[in-house]
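Q: I'm just getting started with protein structures. Could you pick one part of this one and take me through it slowly?

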Amino acid sequence: MNLASPMRAGVIEMKEKKNVKLIEKAKGRDPDAFTSLMQLYMKDMYRTAIAILMNDEDAADAIQETLLVCWEKLDTLRKPKYFKTWLIRILIHNCYRIRRQRERLVDWSEYKEQAVKDVYNLELKEALAALDQKYRIPIMLFYGQGYKIAEIAELLHLPKSTVQTRLARGREQLGKYFGIEKE
Amino acid sequence: MAQKRNMFAEDIELPEIVMQKANGAFAEIRMEGTDEMKKNNVRMFRVRKAAVAAAVCGLIAIGGASVYAATSHFSLLSLFRGETEQTRHSAEQLFDDKVEQERIVDKKQTKWANFKVREAICDNNHVIVNVAATAVEPEKYVLIPSFMEEKFDSMSSIGVKGEDGKLSMSDYADKRGKKILKVNAGVSQCKAGSQSIRNVLEPDGTLLFIIEFDNKEKNKTLDYSCITVVTPPIENVTDDDLIRDKFNFTLVERSKSEKIRYVPLSKDKVEGTDLIIDDVSFNKSDLTTECTIKYHYAGEKSAWKEYKTKDLDIMFFMLDDHGKIVETDEGGGIELDGMKVTGTSYYKLSDLPENITFMAKDVCEKKIYGKFTVKRVD
């Protein structure tokens, strides 16, 4: 008998209830509740931002901007259970905006080389760099954060079939990177 | 392979810069969360831009010859150095270095630093304000913007060149036997969606906040407030220690502007997209040309009662006679209003032709969709 699963389910349920309380408090313009809430999602935000921007400084800028936008727009969030999806969507928007700005300023290939200067999470960044840009974000959302295909489609404003195709092609590229033949 | 994929879900270490910038945002949220700030609709530090190199513009005459002043000052006019002669001339006409403003009276703040709007350029489409902060004891303190991190941000972030520019802000202060004093300034009561701020540290220690935003007022007299904040250099500073104040200032918009409307030659969807163009108009002022493209969605979204989402990546690019993309200026964005979408961008254009062609492009994937042409309506 596996006792771990029901216990884990209970822990997750408690965590979700705690999150909902924090969301409600944050909606009431409580900066401390908002800070505690956002700290729970910092790593997921970083994973998402790095998959698009591929450098820590820009990821930090995107996260900073997202925190400010979320604070400002939190009262527009109707259902707390969609908080994370709402947050990640805002973050993705900010990441794309920063990319657009950078694309205007420097050649994209030069821009990617800036990532070499980073010292954090190198293994992860190397694996992401092995993927084409359009496969990186679905792969990260799917494997890194456990989103379902339909949810990724919603987040990225893409048809489900496109997300499926991108995941499949991303897997192929990862297979090549890790030197593993197609499963 | 499955094991390798798990690396995407493995625990990661948050880079220090991410934590620092997040903490900066949390501090800002606490600051904006005050009733006074909310009442004034303050959105101070939205987009951080690269610093501009301080340009010498002050000339002093000694013995009949003009030489550069020992203490050089940045001028907003230097932002227009690369522009056409006509634009530079227009900027000079709109340049105001005698901005009508109140004086800061909060004794607590003036013990540390003084703020004033040193100059401004106000155009029908765009406003640039230069707020100068000076330390009361410049021999003791180096001013830096409060949203920067002294250990991570280098002096080049605030326009310092050469070897000093490579130093972190704290190393730069140590080298001079000074301490860091954090200050901040922003404009409130402007209706623009965002403000961009860049900073310049002048040789005499004056820290400039060069604040730019789209002019959404379209009035001739523009009343704004400047919010100022000093973080006293004490250990374990809390939000309660921040010294906040504000002062009002007035800008007069003297530019000439002309509205020109275009209509699309076709009412069909832009090839490869679900977008139908309704109207294109330009507001041509002395310094910039604002282009607004109004469109709506066909397909699935046409059944909606109100648009809640928009295509994040498809943008419209104006093409020149040779089919090349005309470079856009800073600012702009996309707004939703019921079933209408308005995309705004800014250009530096001298003339507007009879017909203009735009191209739809997914800027992230660099995928090019169809083109559409609009015709001028007289």
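A: Let's look at the nonpolar core, and then at a few spots and charged pairs elsewhere.

Keep in mind that this is a predicted model. The largest nonpolar core has 67 residues. Within this core, A:F34, A:I63, A:F83, A:L141 and B:F8 touch the most other members. The biggest giver to this core is helix α5 of chain A, residues 83-105, which puts in 10 residues.

Now zoom in on A:I63. Leaving out residues up to four places away in sequence, A:I63 touches A:M42, A:M45, A:Y46, A:A49, A:L91 and B:V18. Apart from this core there's another one, made of 45 residues, including B:F147, B:M155, B:Y172 and B:L181.

Next, a bit of backbone. Most residues other than glycine have a negative phi. Chain A has two spots worth checking against that. A:R29 isn't a glycine, yet its phi is positive, about 65 degrees. You'll find A:R29 in the loop between α1 (4-27) and α2 (31-40) of chain A. With a relative accessible area of 31%, A:R29 is partly exposed. A:M54 also isn't a glycine, and its phi is positive too, near 60 degrees. A:M54 sits in the loop between α3 (42-53) and α4 (56-73) of chain A. Buried means under 20% relative accessible area, so A:M54, at 6%, counts as buried.

Finally, the charged pairs. Over all chains the count comes to 16 salt bridges. Have a look at B:R261 and B:D279, whose side chains meet in one of 2.6 Å, N to O. This pair links distant parts of the chain, 18 residues apart: B:R261 is in strand β14 (residues 258-264) of chain B, and B:D279 is in strand β15 (residues 275-284) of chain B. B:R261 is partly exposed at 41% relative accessibility, while B:D279 is buried at 12%.

Chain B has another pair to look at, B:K269 and B:D274, with the closest N and O atoms 3.6 Å apart. Here B:K269 is partly exposed at 44% relative accessibility, and B:D274 is partly exposed at 32%. B:E137 and B:K140 also form a salt bridge, at 3.1 Å from N to O. B:E137 is partly exposed with a relative accessible area of 27%, and B:K140 is partly exposed with 43%.

Over in chain A, salt bridges link A:D44, A:R47 and A:K84 in a network.

Definitions and conventions:
Residues are numbered from 1 along each chain as its sequence is written. Chains are lettered from A and ligands numbered from 1 in the order in which they are written. This is a predicted model: local features need pLDDT of at least 70, side-chain atom pairs count only at pLDDT 80 or more; totals for chains, interfaces and linings use all residues. Side-chain values use heavy atoms; hydrogens and water are left out. A nonpolar core is a set of buried Ala, Val, Leu, Ile, Met, Phe, Trp, Tyr and Cys residues joined through side-chain atoms within 4.5 Å. Buried means under 20% relative accessible area, exposed over 50%, partly exposed in between (1.4 Å probe, protein chains only). Helices (H or I, at least four residues) and strands (E, at least two) are DSSP runs, numbered from the N terminus. Contact means heavy atoms within 4.5 Å. A salt bridge is a side-chain nitrogen of Lys or Arg within 4 Å of a carboxyl oxygen of Asp or Glu.
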